[in-house]
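Opening the notebook on this one. I want to see how the chains meet, then take a look at one chain alone.

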Number of protein chains: 2
Amino acid sequence: MTLDLLGPSPHEPRTGIRGETVPTVPSAEPAAVDVTALLERGRTLATPVLRSAVDRLAPPMDTVAAYHFGWIDADGNPAVGDGGKAVRPALALLSAEAAGATPETGVPGAVAVELVHNFSLLHDDLMDGDEQRRHRDTVWKVHGPAQAILVGDALFALANEILLELGTVEAGRATRRLTTATRALIDGQAQDISYEHRERVTVEECLEMEGNKTGALLACAVSIGAVLGGADDATADTLERYGYHLGLAFQAVDDLLGIWGDPEATGKQTWSDLRQRKKSLPVVAALAAGGPASERLGELLAADAKSNDFDSFSEAEFAARAALIEEAGGREWTAEEARRQHAVAIEALDEVQMPDQVRAQLSALADFVVVRKR
Amino acid sequence: MTLDLLGPSPHEPRTGIRGETVPTVPSAEPAAVDVTALLERGRTLATPVLRSAVDRLAPPMDTVAAYHFGWIDADGNPAVGDGGKAVRPALALLSAEAAGATPETGVPGAVAVELVHNFSLLHDDLMDGDEQRRHRDTVWKVHGPAQAILVGDALFALANEILLELGTVEAGRATRRLTTATRALIDGQAQDISYEHRERVTVEECLEMEGNKTGALLACAVSIGAVLGGADDATADTLERYGYHLGLAFQAVDDLLGIWGDPEATGKQTWSDLRQRKKSLPVVAALAAGGPASERLGELLAADAKSNDFDSFSEAEFAARAALIEEAGGREWTAEEARRQHAVAIEALDEVQMPDQVRAQLSALADFVVVRKR
């Protein structure tokens, strides 16, 4: 299965009308940036600190957390985990560099953001009843609900600890930003839960929820390194604006992958978001579009909400719903939304003074977010 | 039912061997201190700030939190709640005064500690399956498990927010102490859960768990106001020592009330801790004591652990277990432990320089903790 969510990749040169080569996404010297290496650097610098932070947890929480991060399997044997894309750590290190500090300055910020992100995954998976994450059973499924709650709490506390033990004024400011982002994260999950019980959700409500659930913490990742590196609040705010819109672009792509993603790549089931009746952007946009496909989709989803044998739906039934979403324009609108948010993010980036190389790297990471397949 | 856990109240003068009047608990001028007024002052200053903090939560979390705090009932109507004893807010204000600051300086600390305390109640009640708290159904029972998780998370984040938005170096130090206490709280809950699955727990393990679950946050309440008022770390550490041992005394009394407390006063069922198979101090001490009653108790509890109809046990069956605990010496040992921890707390208090009046008030609060009936 080839997956081309947003048209040709921005890194694949297109031929213009006069035969010249044109990039489709405006980026500062994208060819000069190795995104894979940037992500790898984030992982390499942050993971050892993250692991030693998790090692501080009292048993059995250390083991449960290690399972969650994919460092051990359910039997406690070492595992080579899929630690995720590691976009946030890469951003936190670049954030420090944007303020003229070393990438290492951003490491406690990268680790704190990862801890908060994983705290929210542990709790959200339990609240949502999700049984799989990153190709594996979720923590509540393996270790029980109490451990999922407890270890989530512990990771949240650890995030603050990692920052505050730096003992600097900057660390206090960074923790405050992380706290604001965490509150938004929790607001977003509250909205997500309440929307599940509603028949209709507007596009605006969906975007607000996604801004809270994804935008706020990505924004914090992009400011936290700079704050630790001594950046002022105005600079940090502008960096957060880049991160927030990047987060919305990221989530729009996630919503596309949640319906049309390749299960091999995403680690989720086919039609994953449809199975969970998620009112994600493509669904909400399709329902708002009007027209025959939109109306037929609305009727089907309303019936699904009351159906008792939804869980035994065939692949064909989900495929039919996905086709209606696409026909009503929900897929194309969401792809376009990802491009819009990407453009706004890049605009914010241009407002901050930073080394050219760092700007090019942040820009390339933004490109990566909208073309990724997982 | 009259309940006299620890012998005559320390405020009731006893007659000595030479006919003189002797207090049973050494306190600095206890007669001069009105503990009820101290607790009331804590409530009066902290509650409005707590309520406006909770008002920041997005719906429906604000409503769920208001229910938890007893400000509204399950239908959303205003209620005159039992907000608990409010020992922690009273301590946080005295803590500020111990450092020579105004009681108002301690208010954000008092509110942050209350938020963390209630975050832990929300999550612990869910993890433990407890259906009642303060004479009312618990949040997970009324609003569902997801809301209990979510609102607990939100209160935890709010605690950090309240402190960090002060924007001072002292606030950063206070947040760090609160984070350390929260981590201990979580460690204690992890131990509590793991002990439930074990046949035997030592007295030392039980004390360590209670130090984490109760001592650490009470310690933080006693240092946080002082830190916000500019106290140095050595002073804060000594104040925490007072608070930690006060917490252990508090928990020993709680453990006595959990078995022999008056349900009317405590708001819990008769034999509450026995019904929940809690390995609290009286149980653990009785099992460790040896002798016929201790051995018989051990056999009974081992059989209970495997019993399928434990939930239908009669009052008489719990009463028999309580009598064995008392006969084996578990009740008296725990009462003695409360007195020991009280004495250590008062000793620590003597190591800190503070106004005489504040010392007398902290001392009187310590006395209150060991003679309370709820």
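I started with salt bridges, meaning a side-chain nitrogen of Lys or Arg within 4 Å of a carboxyl oxygen of Asp or Glu. I get two of them across the interface of chain A and chain B. In one salt bridge, A:Glu161 pairs with B:Arg183, N to O at 2.7 Å.

Housekeeping: this is a predicted model, where local features need pLDDT of at least 70 and side-chain atom pairs count only at pLDDT 80 or more, while totals for chains, interfaces and linings use all residues. Residues are numbered from 1 along each chain as its sequence is written, chains are lettered from A in the order in which they are written, and side-chain values use heavy atoms, with hydrogens and water left out.

Next, the contact itself (heavy atoms within 4.5 Å). I find 32 residues from chain A and 32 residues from chain B in it.

Then I looked up buried area, the accessible area (1.4 Å probe) that two parts lose on being put together, summed over both. Between chain A and chain B it is about 2,900 Å², with 72% from carbon and sulfur atoms. On the chain A side, A:Leu150, A:Leu164 and A:Arg183 lose the most area to chain B, together 20% of what that side buries.

I note a box of roughly 60 × 60 × 35 Å along the principal axes for its C-alpha atoms. Of its 374 residues, 56% count as buried, which here is under 20% relative accessible area (1.4 Å probe, protein chains only).

Key. Buried means under 20% relative accessible area, exposed over 50%, partly exposed in between (1.4 Å probe, protein chains only).
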